[in-house]
Amino acid sequence: GNQKAADYINNTLQEKSVDEYVKKNLDYSFIDKLQDFCEEKGMTEVECYKSANVSRGTYHKIKNQPGYRPGKNTVLCFAISLKLNLDETNTLLNTMGYSLSHSDKSDLIVEFYIKAGKYDINDINIMLFDYNLPTLCSFE
């Protein structure tokens, strides 16, 4: 009995190799997804990072340094500048391992504005400020 279960688990878990598993399951990277959204929304990369209030230097790092990890607020700034809906915003956040949490007031405020289709970063920042929370999209 137990050997059968152990064999089943081992065969199920070992895709053939870790490499094969990773290749088969690896999703888009943040920069790939970001560039897709830019294209979809008819924005150039420059328009996108400028309206997200991300510096050229930071964008260059995101694009060219595979190990560089933009912060969650930076990812949210891109989502807002691209006017992404909630699903699209979550997709972009997930590429970096982030998510919007209902345990976080900042996340709830940003989610409220996205759901309402209100993408004015100044309005969002004023509301965050009123709640004594860090604002989004100040240059890193």
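In the predicted model, helix α9 spans residues 121-130, and its buried residues are Ile-124, Asn-125 and Leu-128. These residues lie on the same side of α9, because the arc they cover around the axis is only 100°. The face turned away from this buried side carries the exposed residues Asn-122, Ile-126, Phe-129 and Asp-130. The cover over the buried residues of α9 includes α6, residues 72-81, and α8, residues 105-115.

Just after the helix, Asn-132 adopts a positive phi of about 60°.

The buried residues are Thr-74, Val-75, Leu-76, Cys-77, Phe-78, Ala-79, Ile-80 and Ser-81. They pack against α3 (30-40), α4 (45-51), α5 (56-64) and α7 (86-94), as well as against α8 and α9. Lys-83, which follows α6, has a positive phi as well, near 55°.

A nonpolar patch is found on the surface, formed by Val-18, Tyr-21, Val-22 and Leu-26. Together, the four residues of this patch have about 430 Å² of accessible area. Val-18 belongs to helix α2, which comprises residues 18-25. The relative accessibility of Val-18 is 63%, and Val-18 therefore counts as exposed, the threshold for this class being over 50%.

These helices belong to a protein chain that has nine helices and zero strands. From the N terminus on, the order of elements is accordingly written α-α-α-α-α-α-α-α-α. The chain has 140 residues, and 32% of them are buried. Among contacts between residues at least 6 apart in sequence, 58% join residues that are at least 24 apart. The accessible surface of the chain comes to about 9,200 Å². Carbon and sulfur atoms account for 50% of that surface.

Terms used
Residues are numbered from 1 along each chain as its sequence is written. This is a predicted model: local features need pLDDT of at least 70, side-chain atom pairs count only at pLDDT 80 or more; totals for chains, interfaces and linings use all residues. Side-chain values use heavy atoms; hydrogens and water are left out. Helices (H or I, at least four residues) and strands (E, at least two) are DSSP runs, numbered from the N terminus. Buried means under 20% relative accessible area, exposed over 50%, partly exposed in between (1.4 Å probe, protein chains only). Contact means heavy atoms within 4.5 Å. Accessible areas come from the Shrake-Rupley method with a 1.4 Å probe; for residues, only the protein chains shown count as cover. The arc is that of the directions from the helix axis to the C-beta atoms. Patches are made of residues with over 30% relative accessible area and no salt bridge: like charges are joined within 9 Å, nonpolar side chains (Val, Leu, Ile, Met, Phe, Trp, Tyr) within 5 Å. A salt bridge is a side-chain nitrogen of Lys or Arg within 4 Å of a carboxyl oxygen of Asp or Glu.
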